[in-house]
Amino acid sequence: MGAAHSASEEVRELMGKTGFSSDQIEQLHRRFKQLSGDQPTIRNLRKGPSGLADEINFEDFLTIMAYFQPIDTTMDEDQVQLCRREKLRFLFHMYDSDSDGRITLEEYRNVVEELLSGNPHIEKESARTIADGAMMEAASVCVGQMEPDQVYEGITFDDFLKIWQGIDIETKMHVRFLNMETIALCH
Ligand SMILES: [Ca+2]
């Protein structure tokens with residue numbers, strides 16, 4: 001955030017945009033600083049020529065977090081499903097860095113490696129193992145028994161919906177952004 005004298009105005013504006021309280025914004029800002037290494041942006045969250053930002057500032061970060069707040073309990077079942085689908089689409093695009101509609105193993109590895117890169121206790125090799133394991137699981141959920149010479153080309157959005165069926169996205173996304181060191185336990 002900017003200079004101290006404009007901070008409260010800035011915070012008020014962010015509260016209006018995201019629906020977070022000032023306490024929550026303060027807490028998220030601490031987390032953001034931790035993730036970014038005290039820089040104004042978190043870099044290389046997404047890669048590739050897709051036109052998506054390859055760095056996010058604090059406001060982008062809040063917007064993403066706001067997107068993954070728990071679902072409003074007053075919504076009916078159809079609205080909940082729609083909302084869930086939108087969230088998953090958002091998540092899918094984060095992984096599908098070249099926007100060709102398929103998350104390849106390489107793209108999946110990149111995301112996992114980047115998410116884990118802030119954690120000095122996790123080797124690059126483990127990130128790769130986590131990504132490869134998750135990809136194999138995806139293939140078995142979506143294709144079933146594969147022939148020995150069959151190649152799973154990547155996760156489509158329909159596959160992605162199948163994989164996330166029954167998983168509480170809100171909880172998982174909070175884990176991902178706020179407490180990344182536990183990500184290894186989630187895959
Ligand atoms: Ca892709």
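## Terms and model

A residue is buried if 20 or more other C-beta atoms lie within 10 Å of its own, exposed if 12 or fewer, and partly exposed in between, with C-beta atoms placed from the backbone. The structure is a predicted model, in which local features need pLDDT of at least 70, side-chain atom pairs count only at pLDDT 80 or more, and totals for chains, interfaces and linings use all residues. Residues are numbered from 1 along each chain as its sequence is written.

## Overall make-up

The chain holds nine helices and two strands; helices (H or I, at least four residues) and strands (E, at least two) are DSSP runs, numbered from the N terminus. Read from the N terminus, the order of elements is α-α-β-β-α-α-α-α-α-α-α.

Of the 187 residues in the chain, 15% are buried. Two residues are in contact if their C-beta atoms, placed from the backbone, lie within 7 Å. Among contacts between residues at least 6 apart in sequence, 50% join residues at least 24 apart.

R12 sits in helix α1 (residues 4-18). R12 is exposed because 12 other C-beta atoms lie within 10 Å. Its C-alpha atom is 9.9 Å from that of I25, a residue 13 positions apart from R12 along the chain.

G19 belongs to the loop between α1 and α2 (22-36). G19 has 11 C-beta neighbours inside 10 Å and therefore counts as exposed.

## Packing of α5 and α6

Two packed helices are described by the angle between their axes and the distance between the axes. Axes here are lines fitted to C-alpha atoms, for helices over the stretch in contact, and angles run from 0 to 180 degrees between N-to-C directions. Helix α5 (residues 105-116) and helix α6 (residues 124-142) have axes that come within 9 Å and cross at roughly 135°. α5 is therefore oblique to α6 (angles under 35 degrees count as roughly parallel, over 145 as roughly antiparallel, 65 to 115 as roughly perpendicular and the rest as oblique). The crossing of α5 and α6 is right-handed; a crossing is left-handed if the near helix is turned anticlockwise from the far one by less than a right angle, and right-handed if clockwise.

On the α5 side the contact involves L105, Y108, R109, V112, E113 and L116, which meet K124, A127, R128, I130, A131, A134 and M135 in α6. These residues divide into nine nonpolar, no polar and four charged, where Ala, Val, Leu, Ile, Met, Phe, Trp, Tyr, Cys and Pro count as nonpolar, Asp, Glu, Lys and Arg as charged, and the others, Gly among them, as polar.

## Packing of α4 and α7

Helix α4 (residues 77-95) packs on helix α7 (residues 157-164) at an angle of about 115°, and their axes are 10 Å apart. The crossing of α4 and α7 is right-handed. L88, R89 and F92 of α4 make the contact with F157, F160, L161 and W164 of α7. Six of the residues in this contact are nonpolar, none is polar and one is charged.

## Nonpolar cores

A nonpolar core is a set of buried Ala, Val, Leu, Ile, Met, Phe, Trp, Tyr and Cys residues joined through C-beta atoms within 7 Å. The largest one has 12 residues: F92, I103, Y108, V112, L116, A127, I130, A131, M135, A138, I155 and F160. α5 and α6 each supply at least two residues of this core, and α6 gives the most, with five.

Apart from this core lies another, of nine residues, including F32, I42, I56 and M65.
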